[in-house]
Amino acid sequence: MASIDVLYSCSSCHRKYALEELSSAQQLCKDCRRKYPSVQCKFCQLDFHQLDSTAHESVCEQCSKEHRQYGKPKNCSICNLLTAFKGDTCTRCTHSRKKYGPPIKCDTCKLCCAFVKSDESKKKVDGKTLCLLCTLNYKKTMFKKRQRELEKSGISNKKQKIERSEDEHRKVEVVDPFNNEIMQQLEKAQYEIVALQKQTSPRLRKAGRGQ
Ligand SMILES: [Zn+2]
Ligand SMILES: [Zn+2]
Ligand SMILES: [Zn+2]
Ligand SMILES: [Zn+2]
C-alpha cells in the first residue's frame, strides 16, 4: 500500500482528497472552488475564494491575518501594493527576496518587483521575467487562449469527423463488394472474349482463305 493512502481534507467541507485535487493557495476541493465566488483581495490583488459570505470586504486570509495583527498597511517598497503591514516590505516580497535575492525589473509592468526564478518556472511564462501579479495575469490569459483554441479545434474535429464519415458512406455505396465482383468478372470475361477473338480470327481468316 503506497502513497495513495495519504489524503488531505478540504479547508471548507473537510472531506478527504489527494493533495493535487486541492487548490494550492487555500486547500479547497473542486466543489468548494465552484461553490465560493472567486474575488480579488483588496490588498495583495490575488484571487481567492470568498468562503465567508457575510464578509463585506474581499481580503484574503493571509492579508486579513496581518491586518488584524499589524493594522493598516503601507505600500510595499518592492511591489508597491498596499501590502506592507509590518515594515516597508510586504511578507511576500520579503520572503521572495530571501529566497531569490534582490528584485529585478518585470518584463511586463516594468517595475522592479520581479525575482530571478528557476529556468523551469520561467519556462511556464515563455522565458519572461515577470513579477507575481504579471505572472498570474499571463497565465490567466494563456489559459483563456488555450481554452479558445481547444474549443475551436474541438468544433473543427467534429466537422472533419462528419465529413469523413460521409465520405466513407459514399465510398461504401460505390465500392459494393458484390457489384465489384460482378464488374471484375465482366471485365475478365471481356478480356477473354477479346483474347479469343484475337486467337480465332486469324485462324478463321486462314481457314477462310484456305477454303
Ligand atoms: Zn471542499
Ligand atoms: Zn491578500
Ligand atoms: Zn511586496
Ligand atoms: Zn509585473
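Two residues are taken to be in contact if their C-beta atoms, placed from the backbone, lie within 7 Å. By this criterion, and leaving aside neighbours within four places in sequence, C41 is in contact with L46, F48, S58, V59, C60 and C63. The model is predicted: local features need pLDDT of at least 70, side-chain atom pairs count only at pLDDT 80 or more, and totals for chains, interfaces and linings use all residues. Residues are numbered from 1 along each chain as its sequence is written, while chains are lettered from A and ligands numbered from 1 in the order in which they are written.

The protein comprises six helices and four strands, assigned as DSSP runs (helices: H or I, at least four residues; strands: E, at least two) and numbered from the N terminus. The order of elements from the N terminus is β-β-α-β-β-α-α-α-α-α. Of the contacts between residues at least 6 apart in sequence, 16% join residues at least 24 apart.

Of the 211 residues, 15% are buried; a residue is buried if 20 or more other C-beta atoms lie within 10 Å of its own, exposed if 12 or fewer, and partly exposed in between. A nonpolar core is a set of buried Ala, Val, Leu, Ile, Met, Phe, Trp, Tyr and Cys residues joined through C-beta atoms within 7 Å. The largest such core has 22 residues, of which C41, C76, C79 and C131 touch the most other members. A second, separate core of five residues includes C10, L22, L28 and C32.

L136 lies in helix α5 (residues 132–174). L136 counts as partly exposed because 15 C-beta neighbours lie inside 10 Å. The C-alpha atoms of L136 and V125, eleven residues apart in sequence, are 9.4 Å apart in space.
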